[in-house]
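Here are my notes on the model you sent over. Have the structure open while you read.

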Amino acid sequence: MFYPKTPFLGNSLLEGEILKVNSAALSQLLEWLCQTPRVTTYRVNRLRTNVDTHKKQLKDVLSKRYGQRAPRIYGLADLPEVLCIAPLEAELVLREPDPTLKEIIVDTSCGAALLRGAHIYAPGVLAMESNTQLQECVNVYADLAGKCKRGTTTRYESSEKVFLGVGKVLMQRYQLYNNKDEAVTGIAVEMQSNVSGVPSLGDLSCADALLQNLPSIVCVRVLDPQPGERILDMCAAPGNKTTHIAELMGDNGCVVALDNSASRVRGMQTKLNSYRSIQAHVYDSTKAVAASSDAACPAAPPFPCDSFDRILLDAPCSGLGNRPQLLCSIKQAKVLQSYPNIQRRLLGQAVQLLRPGGILVYSTCSVTEAECEGIVAWALRKYPELRLVDATPRYGGSGLPLPDLEATQSSLLQRFGPCKDIDTVGFFIAKFQKDSK
Ligand SMILES: C[S@@+](CC[C@H](N)C(=O)[O-])C[C@H]1O[C@@H](n2cnc3c(N)ncnc32)[C@H](O)[C@@H]1O
């Protein structure tokens, strides 16, 4: 069965941008990006509930679905708010399509989500064969070639379609494609099983617990927010790290959440409203430093220099760490090359806004040297007042070596990449401290 070994379908120009110095590690990285992280993680909101109570609720859901063979739920030593769901036993993992079933085709981003346990939402369905009935089981494929037209009624033949699993149809063709006036929403196909072995449960996020990638959880732990502090989250939407910051502070202190996308800030507002410590603003963080530093610290941006105890810069990035990537949506090298520029501008503002002795965490869900270690090397050159501190708790590996980053420095960084001990998305975390004056 065909399965990609690179998300770039052999676009060597783009591949060459990813690891320019550590190019020997590239082919392993590309293949790893195409594979699915098999452990599911939820972050429990311990301001609202107890982890054991939530574990029991998850256990009930899994037992109802898988009976005696329900996958294990377990915690992690340094992250008491985390619950992990193990993958299914090997015998329960689907390998081949059932030749008696009809087919549906989904786009590659929908395909990636279903490999991580999601169901299929209506916009992701490209093709459904005629006469497919409600409740009928179908083989689900992703279209890597990008040539399947939305609404196709016949079987889509392509050497670049990838079998992903079997699902039960909840919406028929006319519901998916006949309504030209408004976008169709909701679950179109409920997955029964997939080829990755991640339980197909859909997103069980609720006010008590959030489905979140492990490195994102580790990132906020590395920031180590403390009750009563003033903390800036410079690129906050959809607010998943912001709420974690507030939870670790016991909702006691001030978390300023900025994002330059009005729609994304609107989208996270309801979630943030239940935390009294969080204030969100639509704002361009490349302009977050006030021209004059005379005034007392205002409630809204721009802010005077030295205003924050800790800053999280979870920067806009290429997103190349997301897994699985069946097909990368970035097609041009210049798009990849554009990210370090905005990352440097945001980091420059962060250094000014941080008080002496304060902590700055820089993170990306990317794996390119330029967006990760390259930014750290640049920051250490440009801002002598910054020094690296160990990015703990440590679940990922060290940073990659670069000519202008000493080995002792890269060992303080945390990079989530191909690794035998932990199977998660690609991610990068650097922790800096600003010298006390
Ligand atoms: C990686 S996402 C942040 C994810 C978020 N920290 C979380 O964990 O939920 C990057 C965000 O940066 C925002 N962004 C991009 N440029 C920005 C800018 N100049 N100022 C503020 N936010 C920006 C984007 O709108 C996007 O929401």
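This is a predicted model: local features need pLDDT of at least 70, side-chain atom pairs count only at pLDDT 80 or more; totals for chains, interfaces and linings use all residues.

1. In it, the ligand is surrounded by 19 residues, and the closest are Lys241, Asp259, Arg264, Asp284 and Asp314. By type, that shell splits into eight nonpolar, six polar and five charged residues.

2. Have a look at the backbone around the ligand. One of its oxygen atoms sits 3.2 Å from a polar backbone atom of Ala237, and a backbone N or O atom of Pro238 is 3.4 Å from a ligand oxygen. On its own the ligand has 600 Å² of accessible area, and the protein covers 86% of that.

3. Among the residues listed as closest to the ligand in the model are Lys241, Asp259 and Asp314.

4. Pro238 is in the loop between S11 and helix H7 (240–248). With a relative accessible area of 42%, Pro238 is partly exposed. Setting aside neighbours within four places in sequence, Pro238 contacts Arg264, Met268 and Lys271.

5. Is Asp314 buried or exposed? Asp314 counts as buried because its relative accessibility is 17%, and the cut-off for buried is under 20%. Asp314 belongs to strand S14, and its side chain makes a 2.7 Å polar contact with the side chain of Lys241. Beyond four places in sequence, Asp314 is in contact with Cys235, Lys241, Ser363, Thr364 and Phe427.

6. Next, Cys365, where the unreviewed UniProt entry places the feature "active site". Cys365 is in the loop between S15 and H10, and at 24% relative accessibility it counts as partly exposed. Leaving out residues up to four places away in sequence, Cys365 touches Cys317, Gly319, Leu320, Gly321, Asn322, Gly426 and Phe427. Phe427 turns up again here, as one of the contacts of Asp314 too.

7. On to helix H10, residues 373–382, which is mostly covered, with seven of its ten residues buried. Those are Glu373, Ile375, Val376, Ala377, Trp378, Ala379 and Leu380. What do they pack against? The partners are helices H9 (333–353) and H11 (407–410), plus strands S15 (354–364), S16 (386–389), S17 (414–416) and S18 (427–434).

8. Please check the cis peptide bonds. The bond from Pro301 to Pro302 is cis, with omega near 5°, and Pro302 falls in the loop between strands S13 (278–282) and S14 (308–314). The bond from Thr392 to Pro393 is cis as well, with omega near 5°. Pro393 is in the loop between S16 and H11.

9. Last, some backbone angles. Asn131 has a positive phi, near 65°, without being a glycine. It is in the loop between strands S6 (125–128) and S7 (137–143), and counts as exposed at 61% relative accessibility. Asp224, another non-glycine residue, has a positive phi near 60°. Asp224 lies in the loop between helix H6 (214–223) and strand S11 (230–233), and is partly exposed, with a relative accessible area of 34%.

Note on methods:
Residues are numbered from 1 along each chain as its sequence is written. Side-chain values use heavy atoms; hydrogens and water are left out. A residue is near a molecule or strand if one of its heavy atoms lies within 4 Å of it. A polar contact is a pair of N or O atoms within 3.5 Å; within protein, one must be able to donate a hydrogen and the other to accept it, and residues adjacent in sequence count only if both atoms are side-chain atoms. Accessible areas come from the Shrake-Rupley method with a 1.4 Å probe; for residues, only the protein chains shown count as cover. Ala, Val, Leu, Ile, Met, Phe, Trp, Tyr, Cys and Pro count as nonpolar, Asp, Glu, Lys and Arg as charged, and the others, Gly among them, as polar. Buried means under 20% relative accessible area, exposed over 50%, partly exposed in between (1.4 Å probe, protein chains only). Helices (H or I, at least four residues) and strands (E, at least two) are DSSP runs, numbered from the N terminus. Contact means heavy atoms within 4.5 Å. UniProt positions are given in the numbering used here, feature names are shortened, and annotations may be inferred rather than shown by experiment.
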